[in-house]
Amino acid sequence: MNKRLWAGIVALLAAVAVFTWYCMRPPDFGNRVYRIGWMISPPFQLRGPDGGPSGISVELVKQAARRVGIKLEWRYWNSTSDSALLSNSVDLWPLITIRPERLKVLHITDPYLQHEHCLLVRDDSSFTRAEDLATANIGMANVNIDARLLHTILPHAVPVPSDLIGGAIDDVCNRAADAAFMDRFTATAALLQRGGCGGHALRWIPVPQLHVQLGVGSTFEHKDAADAIRREIGALAQEGKLASIFGQWGYMSGQDAAIMGVIDSRRREARLFTIALVFALMFLLAVWQTVRLTREKTRTLEAEKALRESQERYMQSQKMESIGRLAGGVAHDFNNILTVINGYSDIVYHQLSEVDPRRAQVNEIRKAGAHAAELTQQLLAFSRKQVGRPRPVNLNSVVSEAEKMLRRILGEDVRLITRLDPSTGLILADPGYVHQMLMNLAVNARDAMPDGGSLVIETSDAQRHDEEGSRIAVCLSVTDTGSGMDEETRKNIFEPFFTTKGTKGTGLGLATVYGIVQQSQGSIEVLTEPGKGSTFRVYLPRVEGVDESPVPKPAAAVAVHGAETILVVEDQDEVRCFVVDVLARRGYRVLQAGDGPQALAVAEQCTGKIDVLLTDVVLPGMNGRELAERFRELRPATKIIYTSGYTQDLIADRGILHRDVNYVPKPYTADQITAKVREAIDAP
């Protein structure tokens, strides 16, 4: 450590020493006389032989005050302690019950007495437990406190107020009350003073669950004097000098646990010294730690940031992977169902004449099915199980081709600005997916700008650093001037079905973007603040090669007939029946099987040529790829067509479909499946 640091530590220790001395110094109360109130509340406060105050709490306070040099002037008060203090008629009160509402208007020290309560009953009564008095009439003298305490254990009991403790006991003796409620100190004193109870004795029923703590009370102005008295009472307890005080009133240590309810405590000076010492050591440790962190600040902060980001990415990837598996499985099952719904509704639609009123109804079914198919494709994109045919693509070309459609989607209120770097490299991706990703980002930006604004799309090369090292990526940046997002929203935007648009959003737009980016081995980051818009930056790996962006070709529905033999292998009965029906209607000879072994058995039994094997990828026991390999051994000339709700069993790397594989995704229509069959048959 350098000299400045040592000088600082020495100065700190000096300050701690001064603070400790200040806290431990005895207070100087001078010649001031403090007015202290008292009332008749035996055995704590009562009138002595000389007419002055006496009792346990009075003697304790007198001795404690004498030890610290506090002069007291005792004043009798015939009402409550609260009224005496709040009216400034007295400065102190020797013993006052600690209650939360009192602490708001008065100062009460730490407790120095605590005691239990009890119920006094006649010895000829049938009451043996407190519960037996659930609805009884209960006498008491200190109604303000005792009534509330009583109702915590006997909420339905009826308080019978009395001016004095003796009056409450008289009510029990005269049967005006079933029991008298008081603390055990008071009960002991009262029983010692009474000669009898109308020819009967009194017995008490303990209420151990009610503990009351009492301390020295004062106005806030004189709390220092009250605290000083309380500290000295604690010192008397430590020094073993309480026995003589209690002995004056017939109480002996060990005679009754409730009687010896004085709360022992250390002197405040020792506590303050210990606290000050602990804080000093903690502060010295903090100074040393600050010096160490200052020397290594940059390295430590960078390491912590990297670790935090790595943990967040890991947790996010785990969560998204789990959701993705669920979404992919659901989409696969839905695609099987939609194949049947969309397929048969399309057949019925074309069979009905244009004037048939049912044609419009069937068309609504087709529209709903098509919309459901779009949702399942979005789920597959998110779960990275959508079919992809990646190729080297120029990102600028995709943006330029989509610009006209983007302007139509955004509307006149949103200004579209494109800044495309001509030197931007190629990416390896499916152009259709990149187009879909761009559209989803644009729609999300449009919805964030209901009053209009600007949307800026930029492309550029960027240097990226990750766990695999440094690499060059192509960056697609989409910036809007919309409402922006808070941090909580930003963390959840890529989760499926999370939306801030209420019923207007599906919650799949950005989830689809996330899935496409992950499937393309890229990454995405979001920069946003509420009221300051949002920027989405997509980073995709740059590759070398020749731009293979496809030239758009008009698609036409094809309904081709044939007479060849087709073997359909599908484990879903309803899907298999649909495909067999469609192909048979187009003139094909159709064989069918529900799984791989059954398909091989059909092939061995068939004496003629089988031109096409149309098989689902996911089959029980033997999957579609294994079936195709076995089938080629039996019939090498047979063409193979795969179909599935998703292609996890065919993809080689992150959902990428091999280019030499004939594949038709579910859900498909009758025209689509027959066109694919015809295409496979006619291919060389």
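A nonpolar surface patch of about 400 Å² is formed by Ile 275, Val 278, Phe 279 and Met 282, where a patch joins nonpolar side chains within 5 Å, taken from residues with over 30% relative accessible area and no salt bridge. Accessible areas were computed by the Shrake-Rupley method with a 1.4 Å probe. Of these residues, Ile 275 belongs to helix α10, which spans residues 268-295, and is partly exposed at a relative accessible area of 44% (buried means under 20%, exposed over 50%, and partly exposed in between). The model is a predicted one, in which local features require pLDDT of at least 70 and side-chain atom pairs count only at pLDDT 80 or more. Residues are numbered from 1 along each chain, and side-chain values use heavy atoms, without hydrogens or water.

Salt bridges (a side-chain nitrogen of Lys or Arg within 4 Å of a carboxyl oxygen of Asp or Glu) number 28 in total. One of them joins Lys 609 to Asp 611 at 3.4 Å, N to O; Lys 609 is exposed, with a relative accessible area of 56%, whereas Asp 611 is buried at 13%. Another links Arg 75 and Glu 73 at 2.9 Å, N to O, and here Arg 75 is partly exposed at 34% relative accessible area, as is Glu 73 at 34%. A salt bridge at 3.5 Å, N to O, also connects Arg 129 with Asp 132, with Arg 129 partly exposed at 49% relative accessibility and Asp 132 partly exposed at 30%.

Note on methods: Patches are made of residues with over 30% relative accessible area and no salt bridge: like charges are joined within 9 Å, nonpolar side chains (Val, Leu, Ile, Met, Phe, Trp, Tyr) within 5 Å. Helices (H or I, at least four residues) and strands (E, at least two) are DSSP runs, numbered from the N terminus. Buried means under 20% relative accessible area, exposed over 50%, partly exposed in between (1.4 Å probe, protein chains only).
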